[in-house]
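Here is a protein to look at together, a few strands and helices at a time. Keep the picture open while you read.

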Amino acid sequence: MFSRTLREAPSGADSKGYEYLLRAGYIEQMGAGIFSLLPLGFKATQKIQNIIREEMNAIGGEEMQMPVVNPADIWKETGRFYSIDKEMARFTDRNNRDMVLAMTHEEAVTDIARTELDSYKRLPRLVYQMQTKFRDDPRPRAGLIRVREFTMLDSYSFDRDYEGLDRIYRDHYRAYFRIFSRCGLPSIAVGADSGMMGGKISHEYMYLSPIGEDTIIYCDKCGYTANRQIARFQKEYFKEEMKPVEKVATPECKTIEELAEFLGIDPRKTAKCVFMVGTFVNDRNGEEEEKLIVALVRGDLEVEESKLSNAARANSIRPAHEEEIAACSMVPGYASPIGATGDFICIVDDSVAESNNLVAGANEAGYHYLNTNFGRDYQGTVKDIASAREGMACPECGAPLKSSKGVEIGNIFQLGTRYSESMNCTYQDENGRQIPVVMGSYGIGVGRLLACLAEEYNDESGLKLPMPVAPYQVHLVSLVKDPAVADRIYEELTRKGIDVLYDDRNETAGVKFADADLIGIPIRLTLGSRSLKEGKVEVRLRSTGETSSYLIDDIAEEVKAEIDREIQAIEDKVVEKEL
RNA sequence: CGGGUAGUAGCGCAGGGGCUAGCGCACUUGGUUCGGGACCAAGGGGUCGGAGGUUCAAAUCCUCUCUGCCCGACCA
């Protein structure tokens, strides 16, 4: 075997799963967010990919492969050449032509589809690939969870209409649950933000785990789940008769807490003002414009950045600098849109817009206004931009919401005509009309899936990946000097199509067992002098630690039966969920 | 991009102006062991991330730079 096991974890391995993948020799790091899959890791991902392939074929997918390097032209057509920032790697070729490393393949596949799918008779279609993506993430972390280069399953659907899209979207919804559960990974689907993909409806598949970076808001009672980026919740409004504005001195009250305490009021009776700067990119020519965004939420709530970014239709947002705020004559700590001047976008959460007589900043250090009212005292766009937190009321049933950390392992999008329109991908219908194709795109991170599996399946001795995704099915440990019998067993099992890792090293039993536990192949067969005398091998299951023995004469049948049992146990638990 | 932290042998670490840079694991050779990370002996391997500087003398001090890891990407 090319790789070796390590006794000690390389520094920086902060989760068990990541530590064991490194120590067992599944992966090796080459740079920030850049990893090699060593033979063990590669074999495991191959098994994952085979499961994916079966399920994608089952919903009618055709596997294909598109280039990683794309001419920038097609990315300019959709505008994403301009709207995506540094996350996409770019270069020019020898002829000085703009090129990009595709971080996803909507442009590439649409470019092909516009010539292939010219008639309603050729629809619907579904294609997929499993291929390398490069995304220059500003901060890769947590081993394989967040990397810059990775293998992704991505599929693209083409339909005549939204009914067709809905059908294939539901097929993916179901297929993804089958894929994850066939790998042995528990997952949930949550409503999600469509981000840079555009489009309306989108779901993320989450593996719930403390190592996750996403926060999922969910309701135990009615089953509502959503990524916090878009999660809704019920807000109480404070409606009352509007009172006249009154300016009061509030020295040293720069935070809502200080202000509420000083005035002896509930933070819910205040309006909090948050400043961000949005970048707005012109899709046609890439020209960028920055604009101050003033976000108002009620004092007890917090702004959800992605909601705000969507509400302002900004490509990206960042916190504003003091000078940028001052340029619109507002005073941080004592700010509100009242009396502000200059060019800015004001987004008002409905919690503020629908409540009356809130305390807000007077844009003068040490002073606030009492009884401010949206509409009367200032204007703006009303949108939900508040962040859902644990304990808030479920938008569907009102029960207290809960939250959990999760890792996004898959994502499905209803794109609609966002790409077909900008790239002129149309089909001709029965009446000879040109109609834009209705598209969907769908993705699963293969390496991330392996990372999650390593996180889910380990113990104090190492990994214990489930049978369907373990790099090998059997780990054969020979402890006798004469290799003849072990060689014969290895050859027989291999001939029967069983994946065997054969430890014929001249190491002590302890070393071999420790390595076997660390690598975590589901079935360990040990050939020692004791059992050999009886014509037997010892069997130990990695998942349960259960031990027994097989007669050497029956070994292939016995092993096959155990493999089938373990696979069946997973298959029995395959999740079938409909959207 | 900001903050923190660290780069010394394949991995984990010590050494913090002075003469040949060390320890554990791993590796090589010989021998003894041989069912849960064996033992003895003898070895090989690093110029201390990089560049520049200070000094009689730099892994060690200074400046710049590169890279990894962690935190923050945010409520004024």
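Helices (H or I, at least four residues) and strands (E, at least two) are DSSP runs here, numbered from the N terminus. What you see is a predicted model, in which local features need pLDDT of at least 70, side-chain atom pairs count only at pLDDT 80 or more, and totals for chains, interfaces and linings use all residues. Residues are numbered from 1 along each chain as its sequence is written, while chains are lettered from A and ligands numbered from 1 in the order in which they are written.

How far can you trust it? The score to know is pLDDT, the predictor's confidence in each residue, from 0 to 100. Chain A averages 89, and 98% of its residues score at least 70. For the complex, the predictor gives an ipTM of 0.91 and a pTM of 0.88.

**Around the RNA**

Let's start with RNA strand B. A residue counts as near it if its C-beta atom, placed from the backbone, lies within 6 Å. There are 46 residues around the RNA strand, and Ala-32, Pro-138, Ala-509, Gly-510 and Gly-528 come nearest. Four elements, β14 (271-281), α14 (509-519), α15 (529-533) and β30 (536-541), each supply at least two residues of this surface. The most comes from α14, with 8 residues. By type, the surface splits into 19 nonpolar, 13 polar and 14 charged residues. For that count, Ala, Val, Leu, Ile, Met, Phe, Trp, Tyr, Cys and Pro are nonpolar, Asp, Glu, Lys and Arg are charged, and the others, Gly among them, are polar.

**Two sheets**

β14 also belongs to a sheet. Two strands pair if DSSP finds at least two bridges between them. Five strands make an open sheet in the order β16-β14-β15-β17-β20, with mixed pairing. At its edges are β16 (316-319) and β20 (381-383), each pairing on one side only. The twist averages 35 degrees from one strand to the next; axes are lines fitted to C-alpha atoms, for helices over the stretch in contact, and angles run from 0 to 180 degrees between N-to-C directions.

Another open sheet has 3 strands in the order β4-β6-β5, paired antiparallel. Since β4 and β5 (90-92) are the edges, each with a single partner strand, one side of each is left without a neighbour in the sheet.

| Antiparallel pair | Bridges | Facing residues |
|---|---|---|
| β5 and β6 | 3 bridges | Phe-91 and Met-99 |
| β9 and β10 | 4 bridges | Gly-191 and His-203 |
| β14 and β16 | 4 bridges | Val-277 and Arg-318 |
| β18 and β19 | 4 bridges | Gly-361 and His-368 |

**What is covered?**

A residue is buried if 20 or more other C-beta atoms lie within 10 Å of its own, exposed if 12 or fewer, and partly exposed in between, with C-beta atoms placed from the backbone. Strand β18 (residues 358-364) is mostly covered, with 6 of its 7 residues buried. In its hairpin with β19, 2 residues sit between the strands, and Gly-366 takes a positive phi near 90 degrees.

Finally, which residues of helix α5 (residues 106-116) are buried? They are Glu-106, Glu-107, Val-109, Thr-110, Asp-111 and Ala-113.
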